[in-house]
Amino acid sequence: MNSSKIERGEPLRFNIRTLYWVLLLFSVIGAYIFRSSVVKENRVKSVTLAVLPFKNLGDDESDQYFADGVMDIILSNLSRVEGVDIISRTTMERYRKNSKTIPQIIEELDISHILEASVQKHTNKFRIVVQLVDTQKDIQIWSETYEKLHGDVFSMQGEIAKEVAQQLEVTLSPTDESKIDETQTKNFEAYNLYLKGRFFWDKRTEEDLKRSVKCFEDAIALDSLYAPAYAGLGDAYKVMAFRGVYHPREEGIKKAKLFTKKALSINQNISSAYGVLGDISFWFDWNWKQAEKELKQALLLEPSNENAHHSYAELMNILGRKDEARKHIDLAIKYNLYAPQIYAESSLIYYNNCEFEKAIEENEKAYELTGVGLDERIIIYIKMHKYDKAHEALKLKFPEYHRAHPGSIDKIYETSGIEGVVRLIIGRESNCGNSRCFRKARLCMLIGDKKAALELLESSYKYGEIFFPRIKHCIDFEPLRSEPRFVALVDKLNME
């Protein structure tokens, strides 16, 4: 009987029907998965938002810090929202005083929306006019005027952030909303002083950093639980210690840690505070695992934090994790297109990966923004055996010397070649400290002077130069890898 069914083909018809239903089922499941992914994509709509510097319409020019502070809080709130990429304030600062139109700005920046506002501060109240522009459609999609008492500034900033998120069609999670609604202080004067502190901190001069410290301290005197003010103090002391303007440096780092940890003990969600601790952990403590942990937390809290991406890239470059270094420095550039220190680090990462042409390109961008970086450019050209270009860069580096001794640099190059040029640079560099020994050691390696390079690296370690940790994976020191003195220096870093 079974053989007759097979002869009639009945099992064959059953198999075809079964296959049909199986394929139909998979088609339905596939359509559901595709539809779900589209719905999810629409729900978490990725946008890139640029916030133009808020205009101060008040009579007192010093009230600009208030306008900037209101902008910073709104930026901080929006940076926490999934699906919103924020162009950094530093990038947008370039558009504060120029006459470029919004279409021109859009052409320069890869953005989907622009937020702009004007702020007018009075004795006991303020007025803010805000508008949001869809750059793809070239239309204003939202505008609002807020007139509030000073004490209402905290809730108003949250209102604006929520409204912007709604207009951008991104969904706020309950966590996002709670963070936006979070008020760091109810004391308007403390808030005012904090904004002044950040205003001065942004200038980064020694005098302004000290003024920022005074403002943060005064804010804390009014509200002893004001976490951002403690974080501001930590940031100020860190920068002063890094730049060698706070003595002794160890005391500056100690204060930076103390105030930053105090801030986090009050509020654990301050991204910049984790960034400060991360920087200190790898530049000063050489605690690589802790540094990575702190910087990851900073990025978790604020994915568009360009300073944290920059620091993470520096850490990865020091540890020899080249792909991760490249990824994060590219993100830092994405969020801040006009930060010379980011392009300088990008150049170093390319250099350590032997991508010298790209290293030159990034170095030139940094130089265009600040006029510094010729030291590195000379090193790259020498590594590329482009000695004529290195010679020309040297004349740019020492313009006074070149003017005072016309033709002398050319003569040195003609008679002693690139080695003579390098020795001129080494001779004109001041003594160790502030990573000068480290830079001199790199130059010595370019002309094959291993002995002098080792002595300089040992001095770099002795003086606690901040760039000393770069020695392990800097390609300039590859010929020293097997030298016992070099191995002993690398071992001090405890990277294993």
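Q: Buried means under 20% relative accessible area, exposed over 50%, and partly exposed in between (1.4 Å probe, protein chains only). With that in hand, why does Asp138 count as exposed?
A: Asp138 has 56% relative accessibility, and the cut-off for exposed is over 50%, so Asp138 counts as exposed. A bit of context: Asp138 sits in the loop between strand E5 (125–134) and strand E6 (139–149). Helices (H or I, at least four residues) and strands (E, at least two) are DSSP runs, numbered from the N terminus.

Q: What sort of model is this, and what does it count?
A: It's a predicted model, where local features need pLDDT of at least 70 and side-chain atom pairs count only at pLDDT 80 or more, while totals for chains, interfaces and linings use all residues. Residues are numbered from 1 along each chain as its sequence is written, and side-chain values use heavy atoms, with hydrogens and water left out.

Q: How do you know how confident the predictor is in the chain?
A: From pLDDT, the predictor's confidence in each residue on a scale from 0 to 100. The chain averages 86, and 89% of the residues score at least 70. Helix H1 (residues 2–8) has the lowest confidence, with a mean of 46, and helix H24 (residues 484–491) the highest, at 97. Residues 1–12 fall below 50, and that stretch has 4 contacts in the model beyond near neighbours in sequence. Residues 34–44 also stay under 50, with 6 contacts beyond four places in sequence. Where pLDDT is low, the predicted coordinates should not be read in detail.

Q: What makes Asp138 and Glu169 stand out in their backbone angles?
A: Asp138 has a positive phi of about 60° and is not a glycine. Glu169 also has a positive phi of about 60°, again without being a glycine. Most residues other than glycine have a negative phi, and most peptide bonds are trans. Glu169 lies in the loop between helix H6 (153–167) and helix H7 (174–181). With a relative accessible area of 52%, Glu169 is over the 50% mark, so it is exposed.

Q: What kind of peptide bond joins His247 and Pro248?
A: A cis one, with omega at about -10°. Pro248 belongs to the loop between helix H10 (227–242) and helix H11 (249–266).

Q: Why are Tyr65, Gln64 and Asp72 put in the accessibility classes they are in?
A: Tyr65 has a relative accessible area of 5%, so it is buried. Gln64, at 17%, is under the 20% limit and therefore buried.

Q: How do you know how many disulfides the structure holds?
A: A disulfide is a pair of cysteine sulfur atoms within 2.5 Å, and the structure holds 0 of them. As for accessibility, Cys474 has a relative accessible area of 4%, so it is buried, while Cys354, at 48%, is partly exposed.

Q: What makes a space in this structure a cavity, and how many are there?
A: On a 1 Å grid over the protein atoms alone, a cavity is a set of points where a 1.4 Å probe fits but cannot get out, and lining residues have an atom within 4 Å of a point. Searching the whole structure turns up 4 cavities of 30 Å³ or more. The largest cavity holds about 90 Å³ of space, and Cys474 is one of its lining residues, along with others including Tyr351 and Arg442. H16 gives the largest share of that lining, 3 residues.

Q: Which residues line the second largest cavity?
A: Its lining is Asp375, Ile378, Ile379, Ile425, Glu429, Arg439 and Leu443, around a space of about 50 Å³. Helix H18 (374–383) and H22 each supply at least two of the lining residues, and H18 gives the most, with 3.

Conventions: On a 1 Å grid over the protein atoms alone, a cavity is a set of points where a 1.4 Å probe fits but cannot get out, and a pocket is an open set with protein on both sides within 12 Å along at least five of seven lines; lining residues have an atom within 4 Å of a point. Grid points are joined across faces, edges and corners, and a volume is the space filled by probe spheres set on the points. Contact means heavy atoms within 4.5 Å.
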